[in-house]
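Me: Please show me the structure. I will then ask about a helix pair and a pocket.

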Amino acid sequence: MIIQLPEDVRFIIHTLQDAGHEAYAVGGCVRDSLLSRTPDDWDITTSARPEETKALFRRTIDTGIQHGTVTVMLKKNGYEVTTYRVDGEYEDGRHPKEVIFTANLIEDLKRRDFTINAMAYNEESGLVDAFSGKKDLEEGIIRCVGDADERFTEDALRIMRAVRFSAQLGFFMEEKTKTAIRGHAENLRKVSAERIQTELTKLVTSPHPEYLRSAWETGITAVFLPEFDRLMCTPQKNPHHCLNVGEHTLRAMQAVRPDKILRLAMLFHDFGKPDCASADENGTDHFHGHGAVSSKMAEEILKRLRYDNDTIDRVRELVYWHDMEILPEKRAVRRAASKVGKELFPLLLEVKQADLAAQSDYQRPQKEEWLRSLHDIYEQIQEEGDCLSLKDLAVTGRDLIAAGMKPGPQLGQTLQNLLQLVLEDPSRNSKEYLLSNLPKET
Ligand code: ATP
Ligand code: MG
């Protein structure tokens with residue numbers, strides 16, 4: 001088994017070894033190399049104590065010195081070098097109370113979460129695989145190192161990591177691991193929102209966002225996203241649908257490219273449906289106003305999970321408009337693009353496409369034709385450079401004041417009205433035309 005170590009990693013390992021220590025590449029980078037994937041980063045585990053590591057390299061950063069981690073800087077790249085350690089007793093299901101350094105690599109590998117993450121490699125010893133990680137990698141299995149119950153009790157974040165790795169790799173969770181997750185899902189309440197957020201993002205942007213289903217089955221979403229559980233028991237008796245809201249949501253995520261904003265928009269787009277459900281006299285379900293309700297919920301939940309404002313804003317807007325009816329004609333598309341904004345409108349078309357892909361076959365050819373037209377028309381509008389926002393309007397507030405209008409809130413309203421005239425007909429976007437169409441009283 002040969003893994004091609006990058007030059008920097010070989011240098012770090014050899015420097016440590018030449019000073020009489022052991023050193024290995026470990027964890028995610030070994031796993032990814034065995035899968036022929038390019039690792040994001042290379043972590044190194046060593047018998048050297050942090051002070052000893054620091055003494056050997058010119059530039060180091062004390063990243064997590066109390067846990068034994070020093071980042072070695074080579075040119076612009078950083079490599080985390082961590083002393084072999086055994087995690088002491090866990091205080092609160094999150095942080096080990098103390099870490100104890102050890103001279104034994106196997107002890108260090110034992111504290112790691114899953115067998116596929118518990119392998120080490122260097123050129124001298126080859127692969128160190130004490131827990132059959134390679135076999136699990138080949139068979140596509142997520143399995144805890146050692147006793148699953150203990151491992152999830154020590155650190156509940158591992159519960160999220162198990163589902164996230166299974167979604168990233170397309171692996172299934174071994175039965176004991178899955179049962180233990182079910183038993184300890186409640187412990188996730190002790191994990192910070194930020195750490196849950198990181199795992200959720202990795203899960204939904206993975207090749208298998210639909211594996212959120214196994215988070216639901218094992219009681220994980222009941223803890224951090226209970227709103228999703230309601231979707232899984234909200235049927236849609238409506239010709240446009242053949243799945244319940246939850247299954248439709250999972251399929252809609254699969255149908256959109258793995259972009260964080262798009263995947264989150266698909267996750268939340270129908271969250272308001274359970275609250276908006278009504279049945280008509282024929283027994284058909286309707287969900288009037290669910291876009292606005294879902295949008296509000298998306299905003300609240302993303303805030304709760306401590307997502308950044310830019311993500312929250314964009315997801316909220318896409319969810320709000322996802323069901324917008326737009327006639328396939330230039331005027332309507334200009335109006336819609338102006339409301340949604342130039343940056344988001346192309347994403348909205350992708351959202352609509354994914355939503356459609358997760359619906360029943362009812363009227364599918366017509367709906368697809370409609371979306372294609374919207375797409376083509378929007379392209380034409382862009383090519384023609386039509387004005388879609390105040391920024392592109394041929395007059396500014398200053399022009400209006402120069403033409404005799406008083407400064408004040410009315411100015412903004414007038415600009416909006418002029419924009420509406422231009423959205424109707426872009427040839428109106430000239431100073432002469434717009435200034436001759438100002439409200440009479442000014
Ligand atoms: P990725 O970087 O793609 O998220 P990774 O496996 O490299 O995957 P990291 O979070 O970078 O994950 O952690 C590096 C290694 O540290 C893991 O491979 C695993 O061996 C160990 N590890 C990380 N988090 C935990 C944890 N919560 N419990 C036990 N071991 C962990
Ligand atoms: Mg990593």
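Me: At what angle do the axes of helix H14 and helix H17 cross?
Reply: This is a predicted model, in which local features need pLDDT of at least 70, side-chain atom pairs count only at pLDDT 80 or more, and totals for chains, interfaces and linings use all residues. Residues are numbered from 1 along each chain as its sequence is written, and side-chain values use heavy atoms, with hydrogens and water left out. Helices are DSSP runs (H or I, at least four residues) numbered from the N terminus, and axes are lines fitted to C-alpha atoms over the stretch in contact, with angles from 0 to 180 degrees between N-to-C directions. The axes of H14 (residues 260-268) and H17 (residues 309-321) come within 9 Å, and they cross at roughly 50 degrees.

Me: Which residues of H14 and H17 make the contact?
Reply: Contact means heavy atoms within 4.5 Å. H17 contributes Thr311, Arg314, Val315, Leu318 and Val319, and H14 contributes Lys260, Ile261, Leu264, Ala265 and Phe268.

Me: What is the volume of the largest pocket?
Reply: A pocket is an open set of points on a 1 Å grid over the protein atoms alone, where a 1.4 Å probe fits, with protein on both sides within 12 Å along at least five of seven lines. Volume is the space filled by probe spheres set on the points, which are joined across faces, edges and corners. For the largest pocket this is about 1400 Å³.

Me: Which element gives the most to the lining of the largest pocket?
Reply: Lining residues have an atom within 4 Å of a point, and the largest pocket has 40 of them. Among the elements giving two or more are helix H2 (28-34), helix H7 (157-169) and helix H9 (193-204). The most, seven residues, come from H7.

Me: Which residues lie nearest the centre of the largest pocket?
Reply: Of the 40 lining residues, those nearest the centre are Asp43, Glu80, Arg112, Asp113 and Arg161.

Terms used: Chains lettered and ligands numbered in written order.
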